[in-house]
Amino acid sequence: MQTVTTPNISAELRQRLANAKRVLVLTGAGVSAESGVPTFRGGGNTATWKGLPFEVISSGTMLERNLPLVWEWFDYRRETLRSLKPNAAHEAIARWQERFAELTVVTQNIDGLHQRAGSRHVVELHGNIWRARCAVCRLSHEIPAAGTRPGACEECGNALRPDVVLFGEILPAGAFEFGAQRAAACEVCFVVGTSGLVYPAASLPEIAKAAGAFVCEVNPERTALSDRCDEVLTGKAGDILSAL
Ligand code: APR
């Protein structure tokens with residue numbers, strides 16, 4: 001039987017949450033780990049696919065060089081996601097929408113699990129694997145959960161590419177700026193399941209901290225951001241967020 005240790009949540013954090021109106025949550029791959037979604041790093045390993053490190057296959061350079069291979073990689077990831085469900089961490093965050101006057105969920109994840117758990121306004125910094133985008137006119141196309149993805153742009157007929165941010169590419173217009181604005185105004189900022197190695201996403205807790213927010217990390221491991229947090233809750237997101 002798995003023992004769930006009650007996270008050692010400080011009285012200060014509980015007090016700040018009791019008074020908070022504006023809360024921001026930055027999430028990474030670790031928030032989906034308990035749903036069965038593999039993380040990219042953590043545990044000392046980095047993900048590879050067909051012998052290619054994910055930073056290579058998930059890059060703008062590879063997209064230019066070999067779009068079919070990049071699609072194969074995202075088709076494979078979508079296939080692994082199809083049967084997975086949101087976990088207790090996603091559900092706890094979705095419940096916080098009713099608890100705080102202004103909850104901002106900013107995610108680096110492209111899996112759409114926050115939305116499936118009921119989170120209404122999710123800022124997707126790195127796009128979404130359930131969408132394709134025209135490589136020319138940029139029209140976005142939904143990829144159905146069941147069935148095949150669209151072959152070409154319904155508007156201009158040009159090739160479609162995954163609507164995700166690849167390494168070497170810029171973030172969707174406005175997404176980071178909106179997240180930064182909310183980070184600068186929040187009272188409590190949670191950093192959940194991210195190694196804090198990828199920018200500009202990892203700068204959001206720093207913006208929040210600089211603006212006086214209480215920053216709390218939730219992760220089974222120390223990360224590049226731990227030293228800049230006011231509180232570090234060591235453990236799985238599902239256990240800890242459910243206890244907050
Ligand atoms: N609960 C909380 N955190 C967890 C859990 C869990 N159950 N399991 C693992 N983690 C932590 C790991 O310890 C690690 O620190 O989640 C983190 C995952 O880190 P990464 O794999 O580096 O993922 P992320 O930080 O989201 O990566 C950022 O890099 O690969 C690109 O675009 C991709 O969005 C991604 C970005």
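The model is predicted, so local features need pLDDT of at least 70 and side-chain atom pairs count only at pLDDT 80 or more, while totals for chains, interfaces and linings use all residues. Residues are numbered from 1 along each chain as its sequence is written, and side-chain values use heavy atoms, with hydrogens and water left out.

I start with the ligand. Around the ligand there are 21 residues, and E34, F40, R41, T194 and S195 come nearest; a residue is near if one of its heavy atoms lies within 4 Å. By class, this shell has eight nonpolar, nine polar and four charged residues. Here Ala, Val, Leu, Ile, Met, Phe, Trp, Tyr, Cys and Pro are nonpolar, Asp, Glu, Lys and Arg are charged, and the others, Gly among them, are polar.

Taken alone, the ligand exposes 740 Å², of which the protein buries 92% (Shrake-Rupley method, 1.4 Å probe).

Next, the helices, which are DSSP runs of H or I with at least four residues; strands are E runs of at least two. Helix α7, residues 175-185, packs against helix α8, residues 203-210, at about 30°, with axes 7 Å apart. The two are therefore roughly parallel, a term for angles under 35 degrees.

Last, the backbone. The peptide bond from Y199 to P200 is cis, with omega near 10°, and P200 lies in the loop between β9 (188-192) and α8. K50 is not a glycine, yet has a positive phi of about 50°.

Note on methods:
Axes are lines fitted to C-alpha atoms, for helices over the stretch in contact, and angles run from 0 to 180 degrees between N-to-C directions. Angles under 35 degrees count as roughly parallel, over 145 as roughly antiparallel, 65 to 115 as roughly perpendicular and the rest as oblique.
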